[in-house]
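This report looks at how the two parts of one protein chain meet. Please keep the model in view while reading.

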Amino acid sequence: MMPHRPLPIIAAPMAGGPSTPELVAAVGDAGGMGLLAGGYLTPQRLAEQIAETRDRTVAPFGVNLFVPEEERPDPETLEAYSRALARPASRLGVEPPTVGEYDDDAYPAKLEMLLEDPVAVVSFTFGLPGAETVRRLRRLGTAVVLTVADAEDARCAAALSPDALAVQGTEAGGHRATLAMTNEPNSLGLDELLTQVREVTDLPLIAAGGISTPHRAAEVLRTGAHAVQIGTAYLTTREAGTKAPHRRALLEAAAHGGPGAPTLVTRAFSGRPARALANSFTEEHDAESPAGYPHVHHMTAPLRAAAARADDAQHLNLWAGTGHADCHEESAGELTRRLAAPVLGGI
Ligand SMILES: Cc1cc2nc3c(=O)[nH]c(=O)nc-3n(C[C@H](O)[C@H](O)[C@H](O)COP(=O)(O)O)c2cc1C
């Protein structure tokens with residue numbers, strides 16, 4: 001069972017820095033639920049973040065994990081992409097990238113930790129955990145959430161009997177939760193996807209993608225979603241660990257009003273499809289970027305780190321959902337209460 005919360009608002013796990021214990025605790029204290037992003041963290045760093053969150057709040061919170069890839073990308077396309085990245089690497093003053101390594105993101109160790117020292121919710125993305133993992137977590141009282149982005153994936157996920165599905169429409173910022181890395185994501189908007197997923201399961205659905213205003217949150221909840229999961233709008237909250245050029249790019253785009261700067265779904269940064277603000281890096285490399293997670297993620301890591309050091313938003317992965325023009329600078333508690341204002345209910 002999903003833990004009961006006064007507000008049906010979930011702060012999405014955002015790997016790569018934005019999700020912090022401070023953010024997760026602030027959302028929990030406001031009556032919503034925050035998820036720590038276990039992806040990319042070492043098991044030790046994740047343990048520290050869990051401990052820090054517990055120090056900050058008594059509210060329940062969750063942890064998100066990346067399920068390791070089963071497919072291996074084609075080595076030749078990876079080689080070709082690494083050669084293409086030599087130019088931006090030299091511009092940024094870093095060594096030309098070599099083909100990145102496969103790694104499992106230390107998934108087994110992080111999972112073991114969550115089985116030994118349970119948290120309220122564990123959500124999974126990029127794949128499905130084993131059936132025994134779902135059973136073990138649930139026996140410990142941990143609610144299990146599986147992330148999907150199409151109805152067929154939802155059918156496979158539902159067969160594992162989790163507590164809920166996180167359903168991610170094409171509007172969503174960051175990685176799209178296709179279960180197979182090489183699958184091209186569909187372009188179904190959240191409303192249509194929720195309708196399709198409801199046809200294959202009665203599980204509680206957590207709706208994600210482009211939800212950035214109280215009005216839209218209320219609209220989605222009225223369709224019967226159990227809760228809404230929101231990422232981009234939290235990126236500019238004070239408690240988020242969003243890199244300075246990313247935060248600035250979002251606030252600049254928001255300041256221009258209207259629909260905001262264009263976003264695109266690109267494999268250019270990680271080899272998996274993810275929605276980001278368009279910048280010079282996506283303009284130059286989107287078309288040639290291969291299906292190659294996690295290798296491409298590792299290939300571009302030194303470039304992204306150099307860009308962050310140089311305060312250069314043009315070579316950073318500026319993950320953003322289609323609702324990014326509503327980003328404000330505010331506290332995570334204020335945002336949580338504001339988003340929930342038109343609705344009453346509980347998670
Ligand atoms: C910066 C960023 C990082 C993200 N990282 C993760 C992650 O680690 N795990 C995950 O399941 N989803 C991740 N997501 C996707 C969110 O879970 C969620 O689906 C998405 O933010 C919802 O769309 P929105 O950004 O338009 O609100 C990320 C999203 C963003 C914006």
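The model is predicted, with local features needing pLDDT of at least 70 and side-chain atom pairs counting only at pLDDT 80 or more, while totals for chains, interfaces and linings use all residues. Residues are numbered from 1 along each chain as its sequence is written, and side-chain values use heavy atoms, with hydrogens and water left out.

The domain bounds, which come from an automatic or database domain assignment, are as follows.

| Domain | Residues |
|---|---|
| domain 1 | 1–68 + 104–239 + 331–347 |
| domain 2 | 73–103 + 241–328 |

To the contact (heavy atoms within 4.5 Å), domain 1 gives 36 residues and domain 2 gives 31 residues. The centres of the two domains, taken over C-alpha atoms, lie 23 Å apart.

About 2600 Å² is buried between domain 1 and domain 2, and carbon and sulfur atoms give 50% of this area; buried area is the accessible area (1.4 Å probe) that two parts lose on being put together, summed over both.

The rule finds one salt bridge across the interface of domain 1 and domain 2, a salt bridge being a side-chain nitrogen of Lys or Arg within 4 Å of a carboxyl oxygen of Asp or Glu. Arginine 267 and glutamate 184 form a salt bridge, with their closest N and O atoms 2.9 Å apart.
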